[in-house]
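Please describe how the secondary-structure elements of this model pack against one another, with the criteria behind each term.

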Amino acid sequence: MNLERCLIQHCSPTLANIKTANLFSYSYAQEDQLQAAVSAWSEAFWQKGVRLRLLRAQNGKALVYVYRPARLARDLCRPGVPEFLQSYGYAETGLDDALDRLSQRLALGGGFPHEIGLFLDYPLGDVEGFIRHAGAHYKCSGCWKVYCNECETAKLFAKFKKCHGVYSRLFSSGRSVLQLTVAA
């Protein structure tokens, strides 16, 4: 699957500015070509308030992070979030420092660090609930497992699903990813 199609498939809510960030796995043949493509897309999205970043690339598989820096900066300052991140070794919660630390934690292997949810616009209560209950005893699930605010989050999941459907249809009918990306 090409990168443009992956952006529509996995990142429509972020492109529509209804979610802070999305993350997807992407297979590649040459890392330098992947780096160039990610840089080109990040530059193309600059005026729309969206960035792309490789969080990890190894053995032909990459984790591509698509995010809105202004929203992420707000998310990382929500009550309780800086303290939570500090407990996982995040000395700084500025965007670049926090994303560098997340990349380091991903490079260690062993799965996804639980705090990644905070970088994907998941509520702190749901991230903490997932950790506390080891992924069990959730109220509902969609993009993530929900431990708090079930009704509100279920509506949000429906909004994300509808967005994905609309973006997929528009992309299939000839709209470009940039045309579909809402400016911040």
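The crossing of α1 and α8 is right-handed, a crossing being right-handed if the near helix is turned clockwise from the far one by less than a right angle, and left-handed if anticlockwise. The contact, meaning heavy atoms within 4.5 Å, is made by Glu4, Arg5, Ile8, Gln9, Ser12, Pro13 and Leu15 of α1 together with Phe160, Cys163, His164, Tyr167, Ser168 and Phe171 of α8. By class, this contact of α1 with α8 comprises seven nonpolar, four polar and two charged residues, where Ala, Val, Leu, Ile, Met, Phe, Trp, Tyr, Cys and Pro count as nonpolar, Asp, Glu, Lys and Arg as charged, and the others, Gly among them, as polar.

This is a predicted model, in which local features need pLDDT of at least 70 and side-chain atom pairs count only at pLDDT 80 or more, whereas totals for chains, interfaces and linings use all residues. Residues are numbered from 1 along each chain as its sequence is written, and side-chain values use heavy atoms, with hydrogens and water left out.

Helices (H or I, at least four residues) and strands (E, at least two) are DSSP runs numbered from the N terminus. Axes are lines fitted to C-alpha atoms, for helices over the stretch in contact, with angles from 0 to 180 degrees between N-to-C directions.

| Helix pair | Angle | Axis distance |
|---|---|---|
| α1 (residues 3–15) and α8 (residues 150–172) | about 140 degrees | 8 Å |
| α1 and α2 (residues 31–45) | roughly 40 degrees | within 13 Å |

The angle with α8 makes α1 oblique to α8, and the angle with α2 makes α1 oblique to α2; angles under 35 degrees count as roughly parallel, over 145 as roughly antiparallel, 65 to 115 as roughly perpendicular and the rest as oblique. The crossing of α1 and α2 is right-handed, and its contact involves Leu3, Glu4, Leu7 and Leu15 of α1 with Ala37, Val38, Trp41 and Phe45 of α2. These residues divide into seven nonpolar, no polar and one charged.

Seven bridges join β1 to β3 (residues 61–67); Phe24 has Val64 as its bridge partner in β3, and Tyr26 has Ala62. Five of the seven residues of β1 (residues 21–27) are buried, so this strand is largely enclosed by the rest of the structure, buried meaning under 20% relative accessible area with a 1.4 Å probe and protein chains only.

Note on methods:
Buried means under 20% relative accessible area, exposed over 50%, partly exposed in between (1.4 Å probe, protein chains only). Two strands pair if DSSP finds at least two bridges between them.
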